[in-house]
Amino acid sequence: MSEDQSNAAEPDETEDRKADDGQDDHGGKSDDAKNSGGAKGGSDDGDDSKDEDSSDEKAKKPSIFKKPLFWIILIVVVAALVIGGTLYYLNARQYESTDDAFVDAHIVRISPKVAGTLKSVADIDNRHVEAGRLLAVIEPSGPEAQVAEADANVKQAQAQFEQAQAQVTAAQANRDQAAAQARAPLATAAKAQQDLARYLALVRIDRNAVAAQQLDAARATARSTAADAAAARQQIDSAAANIAVARRQVAAAQAVIEARRASVRQANVTLGDNRLVAPVSGQVVNRQVNVGSYVGPGTQLMAIVPDHIWVTANFKETQLQLMTIGKPVEIKVDAYPDVKFRGHVDSIQRGAGQAFALLPPQNATGNYVKVVQRVPVRIEFDLKNGPDPRKYPLGPGMSVVPTVKVR
């Protein structure tokens, strides 16, 4: 084909393309017009299509369980709970605690031994007193007279004692006198015995050396002087016996004096019983009498809470496996929740509390139901390692919660 022909053919193809494009444009415009014209009538259909699109978009979003961040957070939380629970268990197993515990002490109850009317009562309600402090005085009546009578009896006994001592002195003088008077008879008897012995010796040598009459006279003289000597010795022995009797009277008088002095002490004790003093240091509580009240033996006037207090904790028997004497204790008093008192286990009662009840249970007489029993444990306060409980108004019966470190 020649160039002229080809050039003539190209314009024709160009025109055909433009015509096609023009048709397409018109067709497009007509479609747009149709769409714009039908938009008003088909608005509901458009909303439905939008909801479908939004639901499709939601359906296309991934689930939270498929996100790695969720599993990381979940693992961290579970691990923290497991570690925290393990640490709490390991820490909690080191302690044993109970709320069945209270402050305890040996309360001293003041009561008189004699009957009478109160003459004075110290105004010391809920105050601390030292041992020996005068608390009350009972009007004395008979005891003073008893003391006076006992003093008089003591003086009488002392007079009898002095008289007995004087009798001892007199008896000793009598013995000395008897001994002096006995010297002559004893000497005469000794000489007579010597003369008789010489005569007898001569007779054994020569029967004719001594006359029979002279020998008989010597024998009679010896017997007579011997009798006089024996009488003198008896007087000495009698005087010595009188001394012994006088000394026994002195001892008896001394015993009477001791008895009378004991009566004086008893009378003074009875008189002292009219004065009531504090036997221990502590706080006076529960005063029940006043001046003018008539009291008798055993009547409780007041009570004293001693300075020495402790904690009685009733632990379950299942909590005592690792609890031993000396274990440290942290004591929390309900009245002072912010104060942590320190203490230690002092002793553990050998036996459950129900065994010492007024009517202990008899498990063999009926249906038996096993119940965990409680055992009293005595806990002493540590004054050096913690607050001093004496500086706080703690008293018997106040609730505490002790925690014993057993591991």
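This is a predicted model: local features need pLDDT of at least 70, side-chain atom pairs count only at pLDDT 80 or more; totals for chains, interfaces and linings use all residues.
In what order do the strands of the open sheet with β7 stand, and is their pairing parallel or antiparallel?

**View 1. An open sheet of four strands runs in the order β7-β6-β4-β9.** The pairing here is antiparallel. At the edges stand β7, residues 275–277, and β9, residues 294–295, and each of these strands pairs on one side only. To find your way in, look for β6, which covers residues 134–138 and pairs with β7 in the antiparallel sense over three bridges.

**View 2. A second open sheet of four strands has the order β3-β10-β8-β5.** Its pairing is antiparallel. Strands β3 (108–110) and β5 (128–129) each have a single partner strand, so one side of each is left without a neighbour in the sheet. Strand β8, residues 282–285, meets strand β10, residues 302–306, in antiparallel pairing over four bridges. Here you can follow Gln283 across to its bridge partner in β10, Val305.

**View 3. Tyr336 and Tyr392 form one of the four aromatic pairs found in a search of the whole structure.** Their ring centres are 5.2 Å apart and their planes stand at 65 degrees; that angle is over 60, so the pair counts as edge-to-face. The two tyrosines come from distant parts of the chain, 56 residues apart. Tyr336 belongs to strand β13 (residues 336–348), while Tyr392 sits in the loop between β14 (374–381) and β15 (399–405). Are these tyrosines buried, exposed or something in between? Tyr336 has 24% relative accessibility and counts as partly exposed, and Tyr392, at 26%, counts as partly exposed too.

**View 4. Phe341 and Phe381 make an edge-to-face pair.** The centres of their rings are 5.9 Å apart, with the planes at 80 degrees. Phe341 lies in strand β13 and Phe381 in strand β14, so the pair ties together parts of the chain that are 40 residues apart in sequence. Both Phe341 and Phe381 are buried. Now bring the tyrosines of the previous view back into the picture: Tyr336, Phe341, Phe381 and Tyr392 form one aromatic cluster.

**View 5. Arg378 lies over the face of Trp310.** The distance to look for is 3.7 Å from the ring centre of Trp310.

**View 6. Arg390 is an exposed residue in the loop between β14 and β15.** Its relative accessible area is 54%, and the cut-off for exposed is over 50%, so Arg390 counts as exposed. How far is Arg390 from Ile309, in sequence and in space? These two residues are 81 residues apart in sequence and 8.5 Å apart in space, C-alpha to C-alpha.

**View 7. Seven side chains form a nonpolar patch on the surface: Ile64, Phe65, Trp71, Leu74, Ile75, Val78 and Val82.** Together they have about 670 Å² of accessible area. One of them, Phe65, is found in the loop between α2 (43–60) and α3 (68–92). Is Phe65 buried or exposed? At 52% relative accessibility, Phe65 counts as exposed.

How values were computed:
Residues are numbered from 1 along each chain as its sequence is written. Side-chain values use heavy atoms; hydrogens and water are left out. Two strands pair if DSSP finds at least two bridges between them. Rings of Phe, Tyr and Trp (its six-membered ring) pair if their centres lie within 6.5 Å; planes under 30 degrees apart count as stacked, over 60 as edge-to-face and the rest as tilted. Buried means under 20% relative accessible area, exposed over 50%, partly exposed in between (1.4 Å probe, protein chains only). A charge sits over a ring if NZ of Lys or CZ of Arg is within 6 Å of the ring centre and within 35 degrees of the ring normal. Patches are made of residues with over 30% relative accessible area and no salt bridge: like charges are joined within 9 Å, nonpolar side chains (Val, Leu, Ile, Met, Phe, Trp, Tyr) within 5 Å. Accessible areas come from the Shrake-Rupley method with a 1.4 Å probe; for residues, only the protein chains shown count as cover. A salt bridge is a side-chain nitrogen of Lys or Arg within 4 Å of a carboxyl oxygen of Asp or Glu.
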